[in-house]
Amino acid sequence: MTNAVEQEFIKVIVFQLADKEYAIPVSHVQGIEKLMHITRVPKTESYVKGVINLRGVVTPIIDLRERFNLPVSGNEETTRIIIITLEDMEVGFVVDSANDVLDITASSIEQQPEVVGSLEEEFISGVAKLGKRLLILLHLDKVLNP
Amino acid sequence: MELNQYLEMFIEESKEHLQACSQHLLELEKNPQDLAIVNEIFRSAHTLKGMSATMGFEDLADLTHKMENVLDAIRNEKIKVTPEILDVVFESVDHLEAMVFNIADGGDGKRNVQSTVEQLKRIESGDTAAASVRTAAVEVAATNITPIDYKLTYDDFEKTVLLQSSEQDYFAYEIAIALREDCLLKAARVFMVFEILEKNGDVIKSSPTVDKLEEEQFDSQFYVAYISKENAEDLQKMLMKVSEVDQVEVKKINNSVFTQSSTTDTSGQVVVEAVQQETAPAVLEQAVVTPTVQKSNGSKTQSHATSKTIRVNIERLDILMNLFEELVIDRGRLQSIATEVNHGELNETVERMSRVMGDLQNIVLTMRMVPVETVFNRFPKMVRQLSRDLNKKITLEVIGAETELDRTVIDEIGDPLVHLIRNSVDHGIESPEVRRGKGKPEEGTVELRAYHSGNYVFIEIEDDGAGIDREKVLAKALSKGVVSQEVANSMTDRQINELILASGFSTADVISDVSGRGVGLDVVKTTIESLGGNISIESTQNVGSVFSIQLPLTLSIISVMLVEIEKEIYAIPLSSIIETSIIRNSDIMNAHNQKVIDFRGKVVPLVFLEEIFEVPRQDAKDDGFHSVVIVRKGEKLAGLVVDSFIGQQEIVLKSLGNYLTNIFAISGATILGNGKVALIVDCNALLK
């Protein structure tokens, strides 16, 4: 019982990307938008899809699949843009779907298992086990800084 | 850490106070006798000192303190205002400005001000020998006259009243009242103090004046000259009863204060005696009248109009603007829905909404407008200093300081103007001897004008100096290889004038302290052009020159030409477009792997935006024609090849945010009527 009181909860937004579940602390999430018209910006990295008009603010969009070198998929009905803020940057992530808000305990977060060896490894700050689910926590700094 | 949130406010306010200091110092120089001006400067300095001490900028606070001491000595008439003293005070203000700017740039506001501090100290101690031998004797004499203890100064009439009061069994006091630093309603406390005082006697004079006390234009202390039958101790106790009064000091005014009055003031003595011999009871009546006289005097000197404004963070205005654009886009949708549905009342409502939004748009846009005064303000001081340095006599006239410009333009235009004014003062206006020789008045005039015209603001700098020596400019341009002899032969006067804006050009024979440090007028030209404006020069030799700058009203809204490439829409700023044209494939020529066209006899390289922007193309488009936008950067031209022109439009400039920085050839974005983002082409990047 005493354990439960001491434990700190982190509220995270959970999203899907190629069969895996990822999480971003809700404090960084500004909102979740449906896919809208993206204006391509020339001479940028391929994972930068372009910019959108987010209620009057021109916001850059990053395709997380391309950022993580995952196979690119077409846009589905469930495709979402998660608007996140980090320091003075505001950026949108294109994800397969976003449908959960969860409280995870700080103690359930573990270091990334070293054998995973996938390409997105460097963007991961840790994993959290929630029963049978495995949430991958993103390292936003690294995702945003090339 | 906590202080950080106040830093911005501190910087803004410090700048304002320093500006006020400079302005009042200039006034003071013209009216050295006007102690009201000294009080204004003192107040600004005092506030600045307090603020910087609170913020922990000790150096800033320290220097301000030293300056304040000098000002205090001036307002207590211990020292007299001389140009030399003002020089030192101006220098201090310059240092303070530099410190504040340093803080604004993230520095710690430290600066070596040793020599200035020493000079200030010397002046304060009355020893102005170093600054000026001439005035030294007078200063020292002046210091001996007024005892330090008395804060107030009196004119002859007030002296008379005070002197005579003692003969009527009244006591004359000088009362110093200090309110608590955290006192919230200072004016109310002042009122209560005055009420008590007026019940028991008569207030002869106060410092600051009654008006200023009412407007809370004082720090926490004020002084009152007072006559009463009460004794000092009782008065002190009564006044201490007013809450939030921290300290009350009641000091009796001895007649000796006046009798040992300044040596030249013998006429005053005579008056005193003359009045004494007249009917004594009249004196009290006079005493009652005095405060009102004082009041009207006070209001004359300090009734500067305070415009009611609030400071708003420009970011908030941007947010407001964004929200407003959202509304504009939605209005567009509503309008189209209304036409589809064709419902009478809906149509009416949408129409009314459109009208209101039109007005609203005007207001939102004008909110970012700031009078150019904020920039012009610093020039009188600068010209004063320059003319002293150069031993010239120059007056600066400022006209149209109330003309409004967008805040972003205001921020950028300061440096170019400094350059141009320096140029006029240094190269334009001749020395007094030369001017006399030419039959001109010794004193030169530089006129700084601003006015609106159409969608532009014009700023002009006119001087009645030597004008531009065409032969000299041409010779220099030829020797520096700026132009060839052939080109030079066919140049108009105007073109020759504008050669001085070319890079690496300086007409000064001798490199002076003021200009000719290698930073030429070309920087001015570049800055102005980057703001979407342009500069032209007119000059008549020996009569003077006019530098005329044309600037767009605002940078946040610009006129663009929308063009289409495949399905993508780009905006090209109208300010860099010369014209558009349709060319045939056969018009395109090849020169060194560079496709060029002949545009009015000029060879203009073509830039295929499709290639530059790597536009994905479904199928090749070739109908034998190309749409070309001819753009320029300075003298250089280029033709931007696009698929089609959409048309001219006013757009609101948006930044691409902090994630996407330095995108090649893209200077920003805008949101189109359909809610989509269009990118703005940076023509300067395309023309190397």
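**Figure 1. Burial and overall make-up of chain B in the predicted model.** Of the 688 residues of chain B, 45% count as buried, where buried denotes under 20% relative accessible area, exposed over 50%, and partly exposed in between (1.4 Å probe, protein chains only). Chain B holds 25 helices and 22 strands; helices (H or I, at least four residues) and strands (E, at least two) are DSSP runs numbered from the N terminus. Among contacts in chain B with a separation of 6 or more, 71% are between residues 24 or more positions apart, a contact being heavy atoms within 4.5 Å. The accessible surface of chain B comes to about 35500 Å², with 51% belonging to carbon and sulfur atoms; accessible areas come from the Shrake-Rupley method with a 1.4 Å probe, and for residues only the protein chains shown count as cover. This is a predicted model, in which local features need pLDDT of at least 70 and side-chain atom pairs count only at pLDDT 80 or more, while totals for chains, interfaces and linings use all residues. Residues are numbered from 1 along each chain as its sequence is written, chains are lettered from A and ligands numbered from 1 in the order in which they are written, and side-chain values use heavy atoms, with hydrogens and water left out.

**Figure 2. The open sheet of chain A.** Six strands of chain A form an open sheet with mixed pairing, in the order β8-β1-β2-β11-β10-β9; two strands pair if DSSP finds at least two bridges between them. The edge strands, β8 (97-105) and β9 (109-110), each pair on one side only. Strands β1 (residues 9-17) and β2 (residues 20-25) of chain A are antiparallel and share six bridges. The bridge partner of A:Ile13 in β2(A) is A:Ile24.

**Figure 3. A salt bridge between strands of chain A.** A:Arg133 and A:Asp100 form a salt bridge whose closest N and O atoms are 2.9 Å apart; the term requires a side-chain nitrogen of Lys or Arg within 4 Å of a carboxyl oxygen of Asp or Glu. The pair links distant parts of the chain, joining A:Arg133 in strand β11 (residues 133-138) to A:Asp100 in strand β8, 33 residues apart. A:Arg133 is partly exposed at 29% relative accessible area, and A:Asp100 is also partly exposed, at 24%.

**Figure 4. Salt bridges of chain B.** A network of salt bridges links B:Glu430, B:Arg435, B:Lys438, B:Lys440 and B:Asp464. Within this group, B:Glu430 forms a salt bridge with B:Arg435, with 2.9 Å between the closest N and O atoms, and both of these residues are buried. B:Glu442 forms a salt bridge with B:Arg436, with 2.7 Å between the closest N and O atoms. B:Glu442 is partly exposed at 26%, as is B:Arg436 at 49%.

**Figure 5. A nonpolar surface patch on chain B.** B:Leu320, B:Ile363 and B:Met367 make up the patch, with about 250 Å² of accessible area together. Patches consist of residues with over 30% relative accessible area and no salt bridge, like charges being joined within 9 Å and nonpolar side chains (Val, Leu, Ile, Met, Phe, Trp, Tyr) within 5 Å. B:Met367 lies in the loop between α15 (344-366) and β5 (369-371) and is partly exposed, at 38% relative accessible area.

Figure 6. The contact takes 22 residues from chain A and 25 residues from chain B. One salt bridge is counted between the chains, and the side chains of B:Glu568 and A:Arg40 meet in a salt bridge at 2.6 Å, N to O.
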